[in-house]
Amino acid sequence: IFQIDRQKESLIAEPEIVSRGFVFESRNKSLLNQAGAMVKKTIIGKKALGDPKVVRNIAIDFLERFFFEQTGRRPMILPVVIEL
């Protein structure tokens, strides 16, 4: 979940990664936190916060690769971009 301010082109809050059936959040909280921090760096680095579609596509591409490298599994990535 990404909360962005489209006018300022900035994140309002840290990205939130929610897992349903992929990994247990209680056991793998550090993996999900690491994924959130890294996807945030990637999106800010590409200066993509002005366009929600670009944010969504970058998040999907990055998280698919990240989770496959870390777990060997390919979860379904459904980014939610909330514009405020």
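The questions and answers below go from the sheet to the helices and then to single residues.

Mentor: Residues are numbered from 1 along each chain as its sequence is written, and side-chain values use heavy atoms, with hydrogens and water left out. This is a predicted model, in which local features need pLDDT of at least 70 and side-chain atom pairs count only at pLDDT 80 or more, while totals for chains, interfaces and linings use all residues.

Trainee: In what order do the 3 strands of the open sheet stand?
Mentor: Strands here are DSSP runs of E with at least two residues, helices are runs of H or I with at least four residues, and both are numbered from the N terminus. Two strands pair if DSSP finds at least two bridges between them. The pairing in this open sheet is mixed, and the order of its strands is β2-β1-β3.

Trainee: Why is one side of β2 and of β3 left without a neighbour in the sheet?
Mentor: The sheet has the order β2-β1-β3. Because β2 (10-11) and β3 (81-83) each have a single partner strand, one side of each is left without a neighbour, and the place of both is at the edges.

Trainee: Which residue in β3 stands opposite Phe 2?
Mentor: Strand β1, residues 2-5, pairs with β3 in the parallel sense over 3 bridges. Within β3, the residue opposite Phe 2 is Val 81.

Trainee: Which residue in β2 is the bridge partner of Asp 5?
Mentor: β1 and β2 run antiparallel and are joined by 2 bridges. The partner of Asp 5 in β2 is Ser 10.

Trainee: What angle does the direction of α2 make with that of β3?
Mentor: Helix α2, residues 52-71, packs on the sheet and touches β1 and β3, where contact means heavy atoms within 4.5 Å. Axes are lines fitted to C-alpha atoms, for helices over the stretch in contact, and angles run from 0 to 180 degrees between N-to-C directions.

Trainee: Against which elements do the buried residues of α2 pack?
Mentor: Buried means under 20% relative accessible area, exposed means over 50%, and partly exposed lies in between, with a 1.4 Å probe and protein chains only. The buried residues of α2 include Val 55, Ile 58, Phe 62 and Phe 66. Those that are buried in α2 pack against β1, α1 (29-45) and β3.

Trainee: How is α1 placed relative to α2, roughly parallel or oblique?
Mentor: The two helices pack at an angle of about 140°, with their axes 10 Å apart. Angles under 35 degrees count as roughly parallel, over 145 as roughly antiparallel, 65 to 115 as roughly perpendicular and the rest as oblique. Residues of α1 including Leu 31, Ala 35 and Met 38 take part in the meeting with α2, whose own residues there include Ala 59, Leu 63 and Phe 67. The angle therefore makes α1, relative to α2, oblique.

Trainee: How far apart in space are Gln 70 and Ala 35, C-alpha to C-alpha?
Mentor: Gln 70 has its place in helix α2, and with a relative accessible area of 44% it is partly exposed. Gln 70 and Ala 35 are 35 residues apart in sequence, and their C-alpha atoms are apart in space by 10.0 Å.

Trainee: What is the phi of Glu 9?
Mentor: Most residues other than glycine have a negative phi, and most peptide bonds are trans. Glu 9 is in the loop between β1 and β2, and its relative accessible area of 48% makes it partly exposed. Although Glu 9 is not a glycine, its phi is positive, at about 50°.

Trainee: Is Lys 47 buried or exposed?
Mentor: Lys 47 lies in the loop between α1 and α2, and it has a positive phi of about 50° although it is not a glycine. Its relative accessible area is 72%, so Lys 47 is exposed.

Trainee: How far apart in space are Gly 21 and Asp 51, C-alpha to C-alpha?
Mentor: Gly 21 lies in the loop between β2 and α1, and it is exposed, with a relative accessible area of 73%. Gly 21 and Asp 51 are 30 residues apart in sequence, and the C-alpha to C-alpha value in space is 30 Å.
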